[in-house]
Amino acid sequence: MIRYDLVCSCGHDFDSWFRDASAFDKAAAAKAVTCPVCGGGDIRKALMAPSLSTSRKREAAALKVAAPDPRQLAMREMLKQVREHVEANADYVGNRFAEEARKIHYEEVEPRGIYGEASPEDARALIDEGIEFHPLPALPEEGN
Ligand SMILES: [Zn+2]
């Protein structure tokens with residue numbers, strides 16, 4: 001059996017199994033192979049390049065559902081360290097983040113590191129005012 005990547009005249013790609021190469025040629029010549037999307041009978045073998053990109057896409061999709069790999073664990077550890085550093089060196093100001101960030105920016109108070117929560121509206125307003133801040137990385141939920 002041979003699997004061919006096929007494409008119809010409208011560009012739908014699909015694959016199909018044939019007993020051998022000549023079985024495909026005969027079926028295609030007799031218009032016995034039809035596109036599962038549009039039912040068209042004008043079918044030819046797809047070029048190698050599109051079939052390669054299709055399999056790469058499948059690989060990428062498979063990677064997304066795979067278990068965490070060591071690189072993801074390392075990234076997670078790094079994010080955790082960033083968080084811990086911020087938490088150890090900055091004042092938690094809760095939902096007064098935007099207010100406190102403004103005070104620091106306009107030098108109404110001594111400059112200090114702060115962290116807390118800002119609504120998307122607050123964050124946008126801060127950006128508009130040219131106040132620099134960095135989103136704290138959110139950690140994915142712990143496993144247990
Ligand atoms: Zn088609």
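Biologist: In the hairpin of strand 1 and strand 2, which residue takes a positive phi?
Modeller: Gly-11, with a phi near 100°. The hairpin has four residues between the strands. Bear in mind that this is a predicted model.

Biologist: How do strand 1 and strand 2 pair, and over how many bridges?
Modeller: They pair in the antiparallel sense, over six bridges. Strand 1 covers residues 2-8 and strand 2 covers residues 13-18.

Biologist: What sheet do the strands build, and in what order?
Modeller: An open sheet of three strands, ordered 2-1-3. The pairing is antiparallel. Strand 2 and strand 3 are at the edges with a single partner strand each, so one side of each has no neighbour in the sheet. From one strand to the next, the twist averages 45°.

Biologist: Which helix lies across those strands?
Modeller: Helix 1, residues 21-29. It lies across strand 1, strand 2 and strand 3, and runs at about 120° to strand 2.

Biologist: Which residues make up the largest nonpolar core?
Modeller: Five residues: Leu-6, Val-7, Cys-8, Val-33 and Ile-43. Strand 1 gives the most, with three residues.

Biologist: Take Leu-6. What does it touch?
Modeller: Leaving out residues up to four places away in sequence, Leu-6 touches Asp-13, Phe-14, Asp-15 and Ser-16, among others. The list also includes two core members, Val-33 and Ile-43.

Biologist: How much of the chain counts as buried?
Modeller: 8% of the 144 residues.

Biologist: Switching to helix 4. Which residues are buried there?
Modeller: Phe-97, Ala-98 and Ala-101, in a helix that spans residues 97-105. Seen down the helix axis, they fall within an arc of 95°, so they line one face of helix 4.

Biologist: What covers the buried residues of helix 4?
Modeller: The cover includes strand 4 (91-94), strand 5 (114-116) and helix 5 (120-128).

Biologist: And helix 5, how many of its residues are buried?
Modeller: Zero of its nine residues. Helix 5 is hardly covered.

Biologist: Where is Tyr-106, and is it buried or exposed?
Modeller: Tyr-106 is in the loop between helix 4 and strand 5. It counts as exposed, because it has 10 C-beta neighbours inside 10 Å; the cut-off for exposed is 12 or fewer.

Biologist: How far is Tyr-106 from Ile-131?
Modeller: 9.3 Å in space, C-alpha to C-alpha. In sequence they are 25 residues apart.

Biologist: Zoom out. How many helices and strands does the chain have?
Modeller: Five helices and five strands. From the N terminus on, the elements run β-β-α-β-α-α-β-α-β-α.

Biologist: What share of the contacts join residues at least 24 apart?
Modeller: 45%, among contacts between residues at least 6 apart in sequence.

Biologist: Last topic, confidence. Where is it lowest and where is it highest?
Modeller: It is lowest in helix 2, residues 48-65, with a mean of 54. Strand 3, residues 43-45, is highest at 92. For the chain, the mean pLDDT is 81, and 79% of residues reach 70 or more.

Methods: Residues numbered from 1 in each chain as written. Predicted model: local features only at pLDDT ≥ 70, side-chain atom pairs only at ≥ 80, totals over all residues. pLDDT = per-residue confidence, 0-100. Helix = DSSP H or I, 4+ residues; strand = E, 2+ residues; numbered from the N terminus. Pairing = 2+ DSSP bridges. Buried ≥ 20, exposed ≤ 12 C-beta atoms within 10 Å, placed from the backbone. Arc of directions from axis to C-beta. Contact = placed C-beta atoms within 7 Å. Axes fitted to C-alpha atoms, helices over the stretch in contact; angles between N-to-C directions. Core = buried A, V, L, I, M, F, W, Y, C linked by C-beta atoms within 7 Å.
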